[in-house]
Amino acid sequence: MNASPDLFGKVKTTCPYCGVGCGLIVETATDGQVSLSGDPDHPANLGRICSKGAALGETLSLDGRLLHPLIGGKRSEWDDALDLVASRFKAAIDRYGPDSVAFYVSGQLTTEDYYVANKLMKGFIGSANIDTNSRLCMASSVAGHKRAFGSDTVPGCYEDLELANLVVLVGSNLAWCHPVLYQRLAEAREKRRTKVVVIDPRRTATCDIADLHLPIAPGADVALFNGLLAHLEASGSIVTSYVHAHTKGLDEALGVARPWSLSRVAEATGLVRSDIEAFYELFAKTAYSVTVYSQGVNQSASGTDKVNAILNCHLATGRIGRPGMGPFSVTGQPNAMGGREVGGLANQLAAHMELESWSDRRRVSRFWGVRKLSKKPGLKAVELFEAVHDDRIKAIWIMGTNPVASLPNADRVRDALLRCDFVVVSDVERHTDTTETADVLLPSAAWGEKAGTVTNSERRVSRQRPFMTPPGDARPDWWQLSQVGRRMGFEHAFDYGHPFEILNEHARLSGLENGGARDFDISGIGDLTRHDYEVLAPFQWPLTADKSRQGGRFFSDGGFYTADGRAQFVPTPHADSGKAKASRYSLTMNTGRIRDQWHTMTRSGRSGRLMQHFAEPYVEIHPADANEAGVADANLVTVESPHGLVTVRALLTKSQRPGSVFVPIHWTGAHAATGRVDALVPPRTDPVSGQPDSKRTAVSIRPFRAAWYGFLVVRDRPETISAEYWAVARANEGWRVELAGQTVPDDWTALAAELIECEPGEITGSPTYCAADRSEFRTAVFDGKHLQGAFFASPGPVAVSRSWGAGLLAQAFEDNRSRSSVLAGRGADDDAPDKGATICACFAVGINQIAQLRAGGPTTVEEVGWKLGAGTNCGSCRPEIQRIIDAAKVKESV
């Protein structure tokens with residue numbers, strides 16, 4: 001259980017990005033420089049690390065940090081801010097009742113933060129109006145688990161990916177969203193010849209290791225897995241011994257599934273019949289099968305049914321809870337699981353207990369010493385913010401998340417918060433789309449500054465340890481919540497002095513009157529000392545006080561948490577809700593993550609290296625759809641739905657299904673003029689889980705008619721950008737900005753001075769070119785030997801290498817000739833060669849470097865790794881490297 005922290009400035013902690021929960025070793029040098037590496041002893045990653053994790057040291061600056069409490073935008077003291085929060089919440093409760101207030105929290109919080117928030121709201125305020133941004137990523141999986149198993153239990157372990165003979169990936173771009181798990185699977189496939197099937201409307205990077213890719217029509221997963229269940233019966237593959245001993249309801253589920261013939265499935269899914277048949281036969285004959293699913297399943301108006309359709313197939317074959325077998329939900333956030341454990345969702349209690357269970361409420365009430373514990377579920381995320389908009393919620397406290405950018409119908413969410421009587425936001429960032437709506441801003445300690453625990457997708461609890469002192473007045477979220485609880489009159493319940501006390505309390509509650517009746521039990525750590533907490537090693541729950549259960553899998557021999565101990569098959573009728581019928585919105589938009597970014601980029605966007613992969617928002621569109629819309633590759637386009645619009649760059653690719661487009665979720669009002677894709681997504685949710693349907697938005701696409709285009713590299717981020725389109729990204733020594741406008745500026749010099757933040761006279765005194773007809777303009781302003789900013793404008797997309805342009809900020813210019821050469825928009829022959837767009841973020845290797853290596857003769861991904869390093873760290877760029885090599889081979893063969 002114990003693992004002492006390393007000496008000599010080394011700290012073992014856990015990555016703050018996805019739900020894999022990788023262990024990291026952080027080393028701080030005497031000069032304050034921070035370096036990171038994967039922890040070889042952590043069971044989740046065994047030393048592996050992804051591009052985002054490798055760049056964490058580049059995200060620790062204090063630029064843009066919220067350092068002090070603010071009331072009405074003005075600096076205040078903690079006592080004043082906390083007194084105001086407590087008094088305004090108390091006043092709303094006294095006048096309108098406990099359901100007039102709400103918390104909206106985050107999977108970025110530690111379990112200790114989450115526990116205190118849930119305890120304060122449900123136990124002492126007496127409302128269940130606390131929900132989390134995890135509602136947006138895994139609520140359907142929670143609901144599906146509970147319907148089938150009687151509990152929100154993930155049955156398996158990461159090791160199962162390496163022990164299976166077949167891994168089915170459903171709605172999961174594992175290569176980009178969970179890169180370390182992808183590495184583990186790719187290595188297992190290489191060693192064991194594991195078969196991999198990818199079910200995804202897009203051909204993603206993950207498909208590069210797939211033996212079979214099924215480009216399913218959006219929303220058709222239930223039809224596909226109903227057909228699989230029918231095939232399992234028809235082929236005699238149902239394991240009747242397991243079904244009879246440990247389940248119920250198979251006949252009802254089969255009654256819904258049997259009509260799904262191969263032909264009907266093919267029609268509903270848009271798949272080739274032979275491919276469906278190949279998948280069904282492979283699944284039926286391969287006992288050691290794991291089905292991994294993620295947001296492509298969960299983020300749907302039928303997400304819970306999709307989950308249960310998958311679970312039905314595993315229950316029918318008894319492939320659950322055994323090595324190399326089982327369904328596996330991989331979560332998106334570092335502590336989405338921890339939030340589920342403490343009851344962070346509006347329909348949960350605590351420690352996997354139920355709000356609507358009288359015995360559970362009585363147990364928790366007695367443990368917390370309260371009489372007004374909430375008796376009914378609260379408002380789920382989408383309906384919660386609708387209640388804010390309707391003035392039913394009078395005060396809301398938002399912690400560690402950015403709902404104005406991430407919730408569906410995001411413009412209405414912003415409007416709701418601007419109308420709300422009292423908005424509190426706890427964050428590490430001063431300026432986000434959501435902090436701009438706050439009456440009170442509270443500065444939170446960030447990752448690397450606070451202590452806590454998080455739980456990953458395989459139920460493994462790990463420590464997050466501080467290696468920096470919180471800056472300014474920043475404090476942990478659990479401390480903020482405790483202080484408000486005490487000011488509201490609950491001093492005895494929130495007198496925590498250290499997070500280990502909170503974890504102890506949480507652990508004791510999990511074991512209270514449990515005895516195996518509930519899946520979640522970590523009572524084995526219910527009496528930790530502070531020293532025990534400091535040296536706590538990763539462990540997988542359950543971990544009971546008597547040590548009778550210590551980690552492992554669930555349900556191999558039944559033992560489900562339903563009333564009769566049997567798993568429930570759930571009939572899952574396929575209802576094609578379809579996209580909007582209006583011809584104006586004829587395309588279906590999918591949303592999701594990209595390789596090197598995370599959520600709304602408040603952390604990952606701080607790394608210039610990570611921003612080089614994709615520096616501006618974009619839409620992937622099939623060439624046939626682009627042609628019909630009059631859109632060429634790299635054009636700017638407007639994507640519009642009935643709820644909103646974005647302007648983004650077009651990326652034409654046959655990886656997209658015809659009729660479908662993909663737009664990443666990451667860009668916000670801080671990074672682009674109109675890049676908040678969730679402003680387009682309708683507030684349609686799954687009726688069981690309340691999870692938004694983020695994968696099927698009806699949209700239209702049209703060209704953005706630009707009269708001019710611009711490219712800017714600048715040392716300091718401009719405060720004002722006078723252009724209809726702009727997208728700003730960090731470079732290693734400053735910023736790069738893409739611009740476009742629909743009207744040619746009257747004065748290029750004035751615009752350049754605004755962007756570079758200098759006097760117009762400095763422009764006229766610097767190397768400058770302006771075409772006689774004013775169609776083109778270029779200027780470069782210097783501060784001594786170093787470039788302050790360079791601006792290029794033209795009537796078409798600016799023909800300047802972006803990597804070369806960003807690199808100018810790191811160069812020294814000794815004479816007027818070298819300064820004037822900047823206007824050429826390219827380096828001299830003896831300059832360092834242009835790397836091109838970044839392919840490998842870990843080692844900053846560009847597409848031109850790989851292409852140049854390929855030009856020297858036939859090469860492989862492995863040779864690129866040997867010579868350039870690309871693909872040898874996290875491995876998530878290896879599919880792109882292979883595509884570059886394959887494209888070169890095709891070109892040579894023509």
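Let's start with Gln-348 and its contacts, where contact means heavy atoms within 4.5 Å. Leaving aside neighbours within four places in sequence, Gln-348 touches Lys-122, Val-142, Asp-152, Gly-339, Arg-340, Gly-343, Met-353 and Leu-355. Gln-348 sits in the loop between α15 (336-342) and α16 (358-368). Helices (H or I, at least four residues) and strands (E, at least two) are DSSP runs, numbered from the N terminus.

Is Gln-348 buried or exposed? Buried, because its relative accessibility is 5%. The cut-offs: buried is under 20% relative accessible area, exposed is over 50%, and partly exposed is in between, with a 1.4 Å probe and protein chains only.

A word on the model. It is predicted, so local features need pLDDT of at least 70 and side-chain atom pairs count only at pLDDT 80 or more, while totals for chains, interfaces and linings use all residues. Residues are numbered from 1 along each chain as its sequence is written, and side-chain values use heavy atoms, with hydrogens and water left out.

Now the strands. Two strands pair if DSSP finds at least two bridges between them. Take β13 (residues 326-329). Four bridges join β12 (residues 289-293) to β13, and the two run parallel. Tyr-293 has Ser-329 of β13 as its bridge partner. Both faces of β13 are covered. Gly-326 and Phe-328 are buried on one side, Pro-327 and Ser-329 on the other.

Next, a sheet. Which order do its six strands take? The order is β28-β29-β27-β32-β31-β30, in an open sheet with antiparallel pairing. At the edges are β28 (725-731) and β30 (768-770), each pairing on one side only. Neighbouring strands are turned by 10° against each other on average, direction ignored. Axes here are lines fitted to C-alpha atoms, for helices over the stretch in contact, and angles run from 0 to 180 degrees between N-to-C directions.

Look at one pair within that sheet. Strands β31 (residues 777-783) and β32 (residues 786-794) run antiparallel and are joined by seven bridges. Arg-778 stands opposite Phe-792 in β32. Helix α25 (residues 748-756) lies across β27 (708-714), β29 (734-741), β30, β31 and β32. It runs at about 135° to β32.

On to the second largest pocket. On a 1 Å grid over the protein atoms alone, a pocket is an open set of points where a 1.4 Å probe fits, with protein on both sides within 12 Å along at least five of seven lines; lining residues have an atom within 4 Å of a point. This one holds about 710 Å³ of space. Grid points are joined across faces, edges and corners, and the volume is the space filled by probe spheres set on the points.

Which of its 36 lining residues lie nearest the centre? His-431, Thr-432, Ala-670, His-671 and Arg-717. Elements α19 (410-419), β24 (644-652) and β28 each supply at least two lining residues.

Most residues other than glycine have a negative phi, and most peptide bonds are trans. Trp-541 and Pro-542 are joined by a cis peptide bond, with omega about 10°. Pro-542 is in the loop between β19 (539-540) and β20 (567-568).

Asp-391 is not a glycine, yet its phi is positive, about 75°. It is partly exposed, at a relative accessible area of 37%. His-599 also has a positive phi, about 45°. His-599 counts as buried because its relative accessibility is 19%.
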